[in-house]
Amino acid sequence: MRKFLASVGCVLGSLFAAEPIPLIIAHRGASGYLPEHTLAAKALAYAQGADYLEQDVVLSKDGVPVVQHDVTLDSTTDVATRFPGRQRADGSFYAIDFTWAELRQLRVVERFHPKTGKAVYPRRFPSGVGEFRINTFEEELQFIQGLNRSTGRKVGIYPEVKLAGWHRREGQDISKAVLAVLAKHGYATKADLCFIQSFELEELRRLRGELGWKGRLVFLTGGKSTWTDTPEGLRELAQVVDGIGPPLSAVAEGRVLTGLVARAQAAGLQVHPYTLRNDALPKGFGSGRDCFDFLSREAKVDGLFTDFPDVGR
Ligand code: CA
């Protein structure tokens, strides 16, 4: 009987745990189903049970943090037809060359190759269809907090400070702008459901040090990172950040684990790899669910970025 009660307790404990494992991080929202970073994609991800919704943040000309993956607008908006002639010499239209009042006039569409006009993921939402807009970072936080209020759930946010060094060279401080919006909306400590992510370790150090961010930080790593190669590197990382975000290929080659997850967890780091896409699976997996099961049960990741937040539900 006691054994039975203990196992019931265990099941209930896992059902009501504050943070389920692995955390489902909706990559640009439910971007497998709707144009990335639109509020429609965020609402769908929310409804599909995501634990965290991701925001990529870039700045407008007048310093407004907006939710948009690229610093250019070429692949996800109608900027070329709405503002012809406003591109730079390299042929690209940069968000930072447009005021927020201008950016809000753009229509967001399913991601496409600007040269050919062809969809990047041909089986996803039809290109050029719909009335979707860019939103400010603040509008998105209000939207998520509104849903948290109306549903009684607690879904977190996962902002990425995009290209901080590049923004600085353009004369703007993106980290400060992001922190100001976070502070205004009550994200301040590690108890708050927020991870700030960046590929730039120096910027993460700056957020922790000079800028005084007390909440959680995640270091995104590219294909190869010297920091994650050794236990010493991982321990040093753990002094600054709470977790790492490696590509899936750094966690496993096919179904063969690289050992990165165990080594990082031993150093006290969470591991949130990117990106599980049902329509662009790593080799060796038959479906998104198959890959999800492998990552959760065998790789034992703490969280997972996915374009398809319903994959594990
Ligand atoms: Ca991102």
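Axes here are lines fitted to C-alpha atoms, for helices over the stretch in contact, and angles run from 0 to 180 degrees between N-to-C directions. Helices (H or I, at least four residues) and strands (E, at least two) are DSSP runs, numbered from the N terminus. The model shown is predicted, so that local features need pLDDT of at least 70 and side-chain atom pairs count only at pLDDT 80 or more, while totals for chains, interfaces and linings use all residues. Residues are numbered from 1 along each chain as its sequence is written, and side-chain values use heavy atoms, with hydrogens and water left out.

**View 1. Helix α5 packed with helix α7.** Helix α5 (residues 137-151) and helix α7 (residues 174-184) pack at an angle of about 30°, and their axes are 10 Å apart. The two helices, α5 and α7, are therefore roughly parallel to each other, a term for angles under 35 degrees, where over 145 counts as roughly antiparallel, 65 to 115 as roughly perpendicular and the rest as oblique. Phe137, Glu138 and Leu141 of α5 make the contact with Val178, Val181, Leu182 and Lys184 of α7, contact meaning heavy atoms within 4.5 Å. By class, the residues of this contact of α5 with α7 are 5 nonpolar, no polar and 2 charged (Ala, Val, Leu, Ile, Met, Phe, Trp, Tyr, Cys and Pro count as nonpolar, Asp, Glu, Lys and Arg as charged, and the others, Gly among them, as polar).

**View 2. Helix α2 packed with helix α5.** Helix α2 (residues 39-47) and α5 pack at an angle of about 30°, with 11 Å between their axes, and α2 and α5 are therefore roughly parallel to each other. On the α2 side Leu39, Lys42, Ala43 and Tyr46 meet Glu140, Phe143, Ile144, Leu147, Asn148 and Thr151 in α5. The contact of α2 with α5 has 6 nonpolar, 2 polar and 2 charged residues.

View 3. Glu54 (OE), Asp56 (OD) and Glu160 (OE) are the protein donors of the calcium ion and lie 2.2 to 2.3 Å from it; donors are N, O and S atoms within 2.8 Å of the metal (3.2 Å for Na, K and Ca), and water is not among the atoms, so sites may look incomplete. Asp56 in strand β2 (residues 52-59) and Glu160 in strand β5 (residues 156-161) are 104 residues apart, a pair that links distant parts of the chain. Both Asp56 and Glu160 are buried, that is, under 20% relative accessible area, with exposed over 50% and partly exposed in between (1.4 Å probe, protein chains only).
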